[in-house]
Amino acid sequence: MGLIPKDVRFFELFERDAANVYQGAIELEAMLEHPDEFEERLKSITNLEHEGDIITHEIMDRLNRTFVTPIDREDIHALAGGLDDILDYIEATADRMHLYKINVPTPEVKELASILTQAVEQICLAVKDLRDLRRARRIMDRGIEINRLENEGDRISRAALARIFDECVDPVDAIKWKEIYEHIETAIDKCEDIANVMETVVVKHA
Amino acid sequence: MGLIPKDVRFFELFERDAANVYQGAIELEAMLEHPDEFEERLKSITNLEHEGDIITHEIMDRLNRTFVTPIDREDIHALAGGLDDILDYIEATADRMHLYKINVPTPEVKELASILTQAVEQICLAVKDLRDLRRARRIMDRGIEINRLENEGDRISRAALARIFDECVDPVDAIKWKEIYEHIETAIDKCEDIANVMETVVVKHA
Amino acid sequence: MGLIPKDVRFFELFERDAANVYQGAIELEAMLEHPDEFEERLKSITNLEHEGDIITHEIMDRLNRTFVTPIDREDIHALAGGLDDILDYIEATADRMHLYKINVPTPEVKELASILTQAVEQICLAVKDLRDLRRARRIMDRGIEINRLENEGDRISRAALARIFDECVDPVDAIKWKEIYEHIETAIDKCEDIANVMETVVVKHA
């Protein structure tokens, strides 16, 4: 077992992990489009979350057993942790929608789910480029796009919050929606954190 | 001053720290069983939290002055920080119960406090086993049990949340209980984080 | 390029960063004193937050390109991240005041903003002393003062929360104020985290 095969394996794991998170984002969007499939979609997300835990565990285990890593240990840790976080918040969003028996998703929550999917897609693409750091420019560009998406998400969730508080007849609905918007916004924020880690990796290898 | 005495001291500090957190969990349970002793129990928890701060400080100070540590520096940091966090959330839970003048604890908050005590007990036992990493299997088993307790806690707090929103006449009560359930659930989550760190330590020494 | 010029540059960046956060705290106080200047002050805070992002980026970039740093890498990371966090929470506080159309700031939010400014001032002074670690005693004293301010802030925000829940006619107002108090309290907590990091730096160099 030489050094190269190990390297490749870390990148493979990150790609699988990112693709799994992407699947979760897709399921969340589908759930919001088809409220009649709520329970079924939530179950898929929970399964993806378990699958993600297994991949994270595999990355951490490999990290603890590997002496020389292709990128810094702290960055591997941050990437794996960040991907895990995104899926956790996707699950929390879906779970709260279900728990609070919200059958009519707002336009804003759908827009936020779409932004999240787009941000995770950028992460999937950037992770692929980590294998060859000569593609640094492309990783940086994905980071800029994720940043743009995060700002857009922020704008939407702020407007959504203002709208709940202006229009909500029932304060309990305000509490529920506030939590849901916060979870999905946190998922998008975590995409930006991951983009920052990848930028750090690129700078270190420049 | 050789290497071995230093090692032992770290483990002693962790055992004292975990025992102190356990005392906090016991006090929280007692507080919920005897609402007439609320203020007195809250004072005990605050004192334990100060005691915990002193132990954390001692661990960090020792860490900063020690060159070779028995387990990785980052893991010592994570364990001390995690134990500190549990007690902070125990205090936050107790404090909010008092601040919000909640005199009738729900059955769910009592169940959650009991789960927390059981999880902290597992941590106390696992920390003792850290001294001798040939007991790796036992540490792993404690982790599995803490994971089971965390899932159980999650189930209870979700049901509790659903119930508040279904039954609460007063939305202000919903806000208060939501915060309390979140604090106690976070305390339980932190137990799981600590179990993960201990698992990492075991894997590294395997 | 010798070692010394690099060192000095890190300290310069931290001083600029802390001064920028201080400016943000001052703007938040001004905003609460002059509700008619709300929008204008919020815009200033957002600009300072962008300026802060640029400084953080410069610190991280320098960190990634520097092999030998004047203080430990992890501490540089924690200091830069902490300063960034304070300004983020200052912005979040101001943003929520504006988003929720709160035109009459409570006495408590003004007191908390004043405490935050005092805590950030202590950080500015302590950061200056980092250049010469023989001034360890002074850094420690600033930490004690920040700790005192944090306790004071905690007392005020707890009383404020109790008061909202006792007096609020509208539960939606309770939700809004709870979020605002939490953001400003988190900003103050972050000051304490930074004080702890500086204490760690001092201990390591003792």
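1. In this predicted model, chain A and chain B together bury about 1300 Å², and carbon and sulfur atoms account for 60% of that area. On the chain A side, the greatest losses of area to chain B fall on A:N64, A:L99 and A:I175, which together make up 39% of what that side buries.

2. The contact between these two chains draws on 15 residues of chain A and 14 residues of chain B. Three salt bridges are counted between chain A and chain B, and one of them joins the side chains of B:R158 and A:D95, with N to O at 2.5 Å.

3. Four residue pairs are in polar contact between chain A and chain B, both residues being at pLDDT 80 or more. The elements of chain A that each give two or more residues to the side touching chain B are α2 (38-65), α3 (73-99) and α6 (171-204), and α6(A) gives the most, with five residues. That side of chain A divides into five nonpolar, three polar and seven charged residues.

4. Turning to the next pair, chain B and chain C bury about 1300 Å² between them, with 60% from carbon and sulfur atoms. Here B:N64, B:L99 and B:I175 supply 39% of the area that chain B buries against chain C, more than any other three residues.

5. Three salt bridges are found across the interface of chain B and chain C, among them the one between B:E179 and C:K178, whose closest N and O atoms are 3.2 Å apart. On the side of chain B that touches chain C, α6(B) gives the largest share, five residues.

How values were computed
Residues are numbered from 1 along each chain as its sequence is written. Chains are lettered from A and ligands numbered from 1 in the order in which they are written. This is a predicted model: local features need pLDDT of at least 70, side-chain atom pairs count only at pLDDT 80 or more; totals for chains, interfaces and linings use all residues. Side-chain values use heavy atoms; hydrogens and water are left out. Contact means heavy atoms within 4.5 Å. Buried area is the accessible area (1.4 Å probe) that two parts lose on being put together, summed over both. A salt bridge is a side-chain nitrogen of Lys or Arg within 4 Å of a carboxyl oxygen of Asp or Glu. A polar contact is a pair of N or O atoms within 3.5 Å; within protein, one must be able to donate a hydrogen and the other to accept it, and residues adjacent in sequence count only if both atoms are side-chain atoms. Helices (H or I, at least four residues) and strands (E, at least two) are DSSP runs, numbered from the N terminus. Ala, Val, Leu, Ile, Met, Phe, Trp, Tyr, Cys and Pro count as nonpolar, Asp, Glu, Lys and Arg as charged, and the others, Gly among them, as polar.
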